[in-house]
Amino acid sequence: MSANHHQWTIRMEYIADTHSMKCPKCAHGMEEVTYGQVTIDRCTNCAGLWFDTGEAEQLKNQWMGDALDLGSPEEGKKWDAVEDIACPRCGKDMEKTSDPEQPHIWYEVCNEHGMFMDAGEFTDYKHETLADWFRSLIKGSRH
């Protein structure tokens with residue numbers, strides 16, 4: 001096995017001693033990444049983001065807080081097809097929801113521990129635009 005192949009394998013597969021947690025979407029390893037005073041977990045495979053309770057709101061209000069969302073929105077949309085995901089902290093099924101201000105952003109929530117956003121979703125969440133406001137007027141809230 002070449003050194004490059006071995007490095008790729010460690011980066012992708014979940015290893016308890018190496019990764020902060022297992023990704024609830026693709027089951028690969030997540031790594032801790034920090035911006036300012038906030039540390040979140042980012043998947044080394046699908047680039048999804050786990051936010052402990054309150055962390056997404058903290059980062060949303062920080063300039064350049066979306067710098068941790070490195071994944072492409074196109075790749076993130078592919079992971080919307082994964083229906084049932086469990087909280088990486090407690091193992092309970094997570095609730096599927098959407099942002100009340102931007103209903104086109106879908107993510108999963110554990111009411112006790114936090115939320116998971118696919119790649120690109122946090123950047124969209126952080127940058128609410130005039131187009132999002134018009135979309136909400138037309139589409140309305142999710143019932």
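Met-64 is partly exposed, its relative accessible area coming to 40% (partly exposed lies between buried, under 20% relative accessible area, and exposed, over 50%, with a 1.4 Å probe and protein chains only). This residue sits in the loop between helix H2 (55–60) and helix H3 (73–78), where helices (H or I, at least four residues) and strands (E, at least two) are DSSP runs numbered from the N terminus. Met-64 is not a glycine, yet its phi is positive, at about 65 degrees.

A word on the basis for all this: the model is predicted, so local features need pLDDT of at least 70 and side-chain atom pairs count only at pLDDT 80 or more, while totals for chains, interfaces and linings use all residues. Residues are numbered from 1 along each chain as its sequence is written, and side-chain values use heavy atoms, with hydrogens and water left out.

Taken as a whole, the protein has five helices and seven strands, which run along the sequence as α-β-β-β-β-α-α-β-β-β-α-α. Of its 143 residues, 40% count as buried. Contacts (heavy atoms within 4.5 Å) with a separation of 6 or more are 49% made up of residues 24 or more positions apart. The accessible surface, from the Shrake-Rupley method with a 1.4 Å probe, comes to about 8400 Å², and 53% of that belongs to carbon and sulfur atoms.

Strand S1 (residues 21–22) pairs with strand S2 (residues 29–35) in the antiparallel sense over two bridges; pairing here takes at least two DSSP bridges between two strands. Lys-22 has Gly-29 of S2 as its bridge partner. Six residues lie between S1 and S2 in this hairpin, and Ala-27 is found in that loop. Like Met-64, Ala-27 is partly exposed, with a relative accessible area of 41%, and its phi is positive, near 70 degrees, in a residue other than glycine.

S2 goes on to pair with S3, again antiparallel, over six bridges.

Neighbours within four places in sequence aside, Asp-41 is in contact with Ser-20, Met-21, Met-30, Glu-31, Glu-32, Gly-48, Leu-49, Trp-50 and Arg-89.
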